[in-house]
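Hi everyone, thanks for coming.

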Amino acid sequence: MSRSACVIGAGFGGLALAIRLQSAGIATTIVEARDKPGGRGYYWERDGFTFDAGPTVITDPPCLKELWALTGHDISEDVDLMPVMPFYRLNWPDGVNFDYSNDDAGLKAEIDRVAPGDWEGYEQFLRYSAHVHDEGYVKLGTVPFLDFASMLKAAPALAKHQAWRSVYSMVSSFVKSEKLREALSFHTLLVGGNPMTTSAIYALIHKLEKDGGVWWARGGTNRLIAGMVRHFERIGGTIRVHDPVVHLHSVGDRITEVETQSGWRQRFDAVASNADIVHSYRDLLSDNAAGQARAKKLQRKRYSPSLFVVHFGVEGTWPGIPHHMILFGPRYKGLLDDIYQHGVLPQDFSIYLHHPTVTDPSVAPPGKSTFYALVPVAHMGKLPIDWEHVGPLLEKRILDEVGRRLIPDIHDRIITKFHYAPRDFAMDLNAHLGSAFSLEPILTQSAYFRGHNRDDKLKNFYLVGAGTHPGAGIPGVVGSAKATAGLMIEDLT
């Protein structure tokens, strides 16, 4: 191992990249700012409950299994993946439920019940989703877009599948029921995209889930992170935690050394950042002219919303509440406009409710249940409010709504609770504007127009994670790691 690399940040993207580099014989060190690995996959343990901070939906298990297979290992050595069924239960204010899964007979029954006459349109949408999955995910998801020529090469396929249209617009061309339109378009919110403006290419998520299923790691998504760390160390990798990188030293067009808050300073042949993309350029490359120029360009781009998440542990078990629920509010487009365009805190909201104990009781004490309720909110650039004051009020409103629709005596049953607001994303993760998903996934900020997997000016500086191609979500950042690793391995070996 004559070549060395440093990966800044132990999120999913950083860990996936580090495993690939170490597997290829490059001595790799991860440097993580927080007290434990995870990034957005962080977790807390309170009063016997385990609360995952971020991603709770695991799709495309093969992209994860590949990380172990590189060195002849199996993911089952470190992670127990459990299937989740239904994938989601969608619930509307009028009391209608829709169980969404890849069971064809069950899904047809649900569509015939909720959206009579739309099954044929759904099948047409599924064929469309399969086409864009093959073009946008299989062919391009792990390919770095380093120059405009690569974008031009992909343009015919994008044009063929009408990538300029939104996911919601494309879904609406196939099905007539508003409920089914919402059911087939909400997925973009899971990667920070507005269904009304996100490119129709993101309809590929439906095919990704249908083919690969939706999964849960026993013990929490944090156990997937722990398994990745265990495997990385098994194959010889090194990880430093609780020591933020504060500066990347450079000479000319190369990064020369990584310096941390503790004073640790080390020279590497290559450096990759899984940190927030603006933070990486603006703060870590503070005395590098190319880095500062890039930071200014990045700050002019559009960023995904933030999130407000209420974590709570309750007395009792709830077998009737599935693992994942979407509690739609009275508005869909209007609510999205408020969050993405107007930057206001609406009186209504849609809630993503996560209830892992129905699949995995180990994340709560016996006879008790772990939940989180998440609502998208505008990022801090659009919504500069005092979360110290507003946070407790919004927390109560969200719990009241969960109580009204699912758990009537929720306030009496709560054993422990806390919330996580946009300012927490900014403070804990250096997330620009408190964005939960980095750059908004619109067509003009995708592929070549997103963060490049290798910097254009600094020859040994690379990027991985949500701000780079292909984007946010576990499959997205793991795909970015594959693209970045390919470049780094080629450059270093």
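Okay, one term before we start: buried means under 20% relative accessible area, exposed means over 50%, and partly exposed is in between (1.4 Å probe, protein chains only). So Lys108, with a relative accessible area of 33%, is partly exposed.

Now, a word on where this comes from. This is a predicted model, where local features need pLDDT of at least 70, side-chain atom pairs count only at pLDDT 80 or more, and totals for chains, interfaces and linings use all residues. Residues are numbered from 1 along each chain as its sequence is written, and side-chain values use heavy atoms, leaving out hydrogens and water.

Back to Lys108: its side chain meets that of Asp112 in a salt bridge, 2.8 Å from N to O. By salt bridge I mean a side-chain nitrogen of Lys or Arg within 4 Å of a carboxyl oxygen of Asp or Glu. Both residues sit in helix 3 (residues 104-114), four residues apart, about one turn. Helices here are DSSP runs (H or I, at least four residues), strands are too (E, at least two), and both are numbered from the N terminus.

How many salt bridges are there in the whole structure? A search finds 32. Take Arg230 and Asp78, at 3.3 Å, N to O. Arg230 is in helix 9 (residues 221-234) and Asp78 is in the loop between helix 2 (61-69) and strand 5 (81-83), so the pair ties together parts 152 residues apart in sequence. Asp78 counts as buried because its relative accessibility is 11%, whereas Arg230, at 38%, is partly exposed.
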